[in-house]
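Open the model in your viewer and keep the selection tool at hand. Each stop below names what to pick and what to look for.

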Amino acid sequence: MQSIPRHPIVDTGPLFDYLLWRFSDSIRNISAQLTYNLIAKLIYLTDDPSKKSLQWYFSVAKPITTSPHVISEIHRHAEQALRGLYLKNFWQFAQKELKDLGLDEKLVELVHMNGETLSFFGPTDTALLQIATNSPTQPIFTEDTKLAGQCRKREVNVLNITHATTLWQEYGSR
């Protein structure tokens, strides 16, 4: 990569892992057991380099963009991960984190989605694809291989945590 891709459109998986990791870190002194349980639920941020690189990437690439569909999926995942415990605290923390990342939510209404794409990808990924198609300079940050493949077909730049780690190693030490 020649430069750091800016203003990523972020999918549910990496954004949820990021928020859950940051939240679990913030409550470490309150409940070590809950922190341990939450860290065990991370799917993509499974080691320190992935955590540090994503935190670095989001901080230099901000503002980030997503859709309300992604926020809704994050809420569902948070309910499952926290089982009602600390859910209020999670959202207070997440709201601040997302504000710090300059979150821009772009709504793509279901009735305006391409029906064929919607039936294959569902509303969340269809919204992300439409946002990316309308903003061709913004990369999509996803771990979803099906979504990434469709982005490549549409010539949309795709990033994932491996890319963020590479960027962090290349630019983060400067």
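**Before you start.** This is a predicted model, in which local features need pLDDT of at least 70, side-chain atom pairs count only at pLDDT 80 or more, and totals for chains, interfaces and linings use all residues. Residues are numbered from 1 along each chain as its sequence is written, and side-chain values use heavy atoms, with hydrogens and water left out.

**Stop 1: the helix pair.** Select residues 12-26, helix α1, and residues 32-40, helix α2. Helices here are DSSP runs (H or I, at least four residues), strands likewise (E, at least two), numbered from the N terminus. The two axes come within 9 Å and cross at roughly 165 degrees. Therefore α1 is roughly antiparallel to α2 (the term applies to angles over 145 degrees). Axes are lines fitted to C-alpha atoms over the stretch in contact, with angles from 0 to 180 degrees between N-to-C directions. The crossing is left-handed: by that term, the near helix is turned anticlockwise from the far one by less than a right angle.

Now show side chains. From α1, pick L20, W21, F23 and S24; from α2, pick T35, L38 and I39. These residues make the contact (heavy atoms within 4.5 Å). They divide into 5 nonpolar, 2 polar and no charged.

**Stop 2: S24.** Stay in α1 and centre on S24. S24 counts as buried because its relative accessibility is 1% (buried means under 20% relative accessible area, with a 1.4 Å probe and protein chains only). Beyond four places in sequence, S24 is in contact with T35, L38 and I39. Where does its side chain point a polar atom? A polar atom of the S24 side chain lies 2.8 Å from the backbone oxygen of W21.

**Stop 3: S53.** Jump to helix α3, residues 48-61, and select S53. S53 is buried, at 0% relative accessibility. For scale, Y18 is 35 residues away in sequence from S53 and 11 Å away in space, C-alpha to C-alpha.

**Stop 4: N160.** Go to the loop between β5 (158-159) and α8 (161-171), and pick N160. Is N160 buried or exposed? N160 is buried, with a relative accessible area of 18%. Its side chain has a polar atom 3.0 Å from the backbone nitrogen of H163. Not counting residues up to four places away, N160 touches F141, T142 and E143.

Conventions: Parallel < 35°, antiparallel > 145°, perpendicular 65-115°, else oblique. Nonpolar A, V, L, I, M, F, W, Y, C, P; charged D, E, K, R; others polar. Buried < 20%, exposed > 50% of the residue type's maximum accessible area, 1.4 Å probe, protein only. Polar contact = N/O pair within 3.5 Å; in protein donor to acceptor, adjacent residues only side chain to side chain.
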